[in-house]
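Biologist: I have a new model on my screen and would like to walk through its side chains with you. Could you show it first?

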Amino acid sequence: MIQDILWKAANKLRGSVDAAQYKEFVLGLVFLKYVSDTAGSVFRVPADARWEHVAAHTGDRIGTLLDAAMDAIMRANPALAGVLPRIFDRDNVDQDRLRELVGVIGGARFTGDAQDVLGEVYEYFLERFARAEGKRAGEFYTPASVVKLLVAMLQPDHGRVYDPCCGSGGMFVQAGRRNRITVFGQEANERTWRLAKMNLAIHGLDPHGLGDRWADTFTDDRHPGLRADFVLANPPFNMSDWPRREDDPRWRHGLPPRGNANYAWLQHIIAKLGPRGRAGVVLANGSMSSRLAGEGGIRRAIVEDDLVECMVALPPNLFRTTAIPACVWFLARDKGERRGQVLFIDARGLGTMTSRTERVLTGADIERIAGTFDAWRNPTIKTTMPYEDTPGFCHAADLDEIRQRDHALSPGRYVGTPGTDPAAEPLPDRIARLTKELEACLDESRRREDVLRDRLRDLP
């Protein structure tokens, strides 16, 4: 398998390249090989920048040749300006190992369906880097099954698709498959922004939509006039260090607390929605019920504006970068036939463990969740099965029912429990379920404690 071969080759450089630059280093080489194999069909590649030229001169300092090749490609392709890495000709880079890696990658052929092949390689590498980097991977990678769920439910098949914290661009790539969309986004981390620009270019999406530089969404909105048809986002969970401006016009539903940006992200995204715009936003579970520092009032205002379309509680262990339980908010400017209603889906019992610590949503899981949402959202379409509440899994509530629960949006409060005798539940399954519920309560308790400590420190 080409991915495994390239990954083993890339590992030869471990220890001789700064860990923070490792992704750029390897993916930059793979990108150079791809544009060389497809020269003229996708990008303009000068003769002295092509892979065969570099490979023919490996007796020279290989890093110098590679940096020069990156420069030449960026000059020839304005969309790639400032994107490709120029980090090969450095004293801390083992030139012999680099030369060996160039030889291995040179054996790969990105021809025929080159774009698809390289796209698969690129995504494979991003996932492997995420596994290797652990917690830091949350800056650039959203698990593939979570991305697929958002795309399956939103179906962003046209128009303007936006992500205010796009990481390496995985949301755009998944949405862009077989769809004609225009992407807009930004990323605050310079290296991650470069990865995203390369990722879009590799998958045939216009990288201009990520702007001409990296930037923080809250302090430097790169798309101020955008009204998106779809928004897909996985913001940092419970971000406590964020630049709040109290007079920001985006805070139409209330001032987000200084110690948590969850409701800042939600309101920013709402501000970006077009007249029929819809959004899927992955957030920490605490966002569904917290009443700290005014969050309950903001949530109430968003609900009363009839912007919440669906809430999905996700199973644990989907995110290898954090143990914080997560959910997905689905928002809509125009809910059509479902005005005044919200669908709640409790998917905590779904998913399959692929290792001792990691879970994925299977295709069947995604189909069940997305199919339930589609049947509820489009009740008059004959091709879908009629929607029905399912105890323990899904429930459609009107605004009066949500008001009775003080505008808390946790699906578990609405869907109830499956109509089975608790004694019939296998003991290991019952222990696992109760353990997950306890962990969620403990995580929320720790978060509330952190917020309280921050507020006490702010007292005069």
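This is a predicted model: local features need pLDDT of at least 70, side-chain atom pairs count only at pLDDT 80 or more; totals for chains, interfaces and linings use all residues.

Modeller: Residues are numbered from 1 along each chain as its sequence is written, and side-chain values use heavy atoms, with hydrogens and water left out.

Biologist: Let's begin with the rings. How many aromatic pairs does a search of the whole structure find?

Modeller: Rings of Phe, Tyr and Trp (its six-membered ring) pair if their centres lie within 6.5 Å; planes under 30 degrees apart count as stacked, over 60 as edge-to-face and the rest as tilted. Searching the whole structure with that rule, the number of aromatic pairs is eleven.

Biologist: Which kind of aromatic pair do Phe237 and Phe319 form?

Modeller: Phe237 sits in the loop between strand E3 (228–233) and helix H10 (262–272), while Phe319 is in the loop between E5 and E6, 82 residues apart. Helices (H or I, at least four residues) and strands (E, at least two) are DSSP runs, numbered from the N terminus. The ring centres are 5.5 Å apart with 65° between the planes, and the pair is edge-to-face.

Biologist: Are Phe237 and Phe319 buried or exposed?

Modeller: Buried means under 20% relative accessible area, exposed over 50%, and partly exposed in between (1.4 Å probe, protein chains only). For both Phe237 and Phe319, the class is buried.

Biologist: And why does the pair of Phe344 and Tyr414 count as it does?

Modeller: The ring centres of Phe344 and Tyr414 are 3.9 Å apart and the planes are at 5°, so the pair is stacked. Phe344 belongs to strand E7 (residues 341–346) and Tyr414 to helix H14 (residues 412–415), so the pair ties together parts that are 70 residues apart in sequence. Phe344 is buried at a relative accessible area of 0%, and Tyr414 is buried at 6%. The name for this pair, given its 5° angle, is stacked.

Biologist: Which residues form one aromatic cluster?

Modeller: One phenylalanine and several tryptophans come together here. The members of the cluster are Phe218, Trp242, Trp251 and Trp265.

Biologist: Now for charges. How many salt bridges does the count come to?

Modeller: A salt bridge is a side-chain nitrogen of Lys or Arg within 4 Å of a carboxyl oxygen of Asp or Glu. One network of salt bridges links Asp212, Arg213, Asp220 and Arg222. The count comes to 25.

Biologist: With which residue does Glu401 form a salt bridge?

Modeller: Glu401 lies in helix H13 (residues 399–404) and is buried, with a relative accessible area of 18%. The closest N and O atoms are 3.3 Å apart, and the partner is Arg405.

Biologist: With which side chain does the side chain of Glu401 make a polar contact?

Modeller: Not counting residues up to four places away in sequence, Glu401 touches His395, Ala396 and Tyr414, where contact means heavy atoms within 4.5 Å. A polar contact is a pair of N or O atoms within 3.5 Å; within protein, one must be able to donate a hydrogen and the other to accept it, and residues adjacent in sequence count only if both atoms are side-chain atoms. At 3.1 Å, the polar partner of Glu401 is His395.

Biologist: Where is Asn317, which has a positive phi although it is not a glycine?

Modeller: The phi of Asn317 is about 70°, and at 36% relative accessibility the residue counts as partly exposed. The place of Asn317 is the loop between strand E5 (308–313) and strand E6 (326–332).
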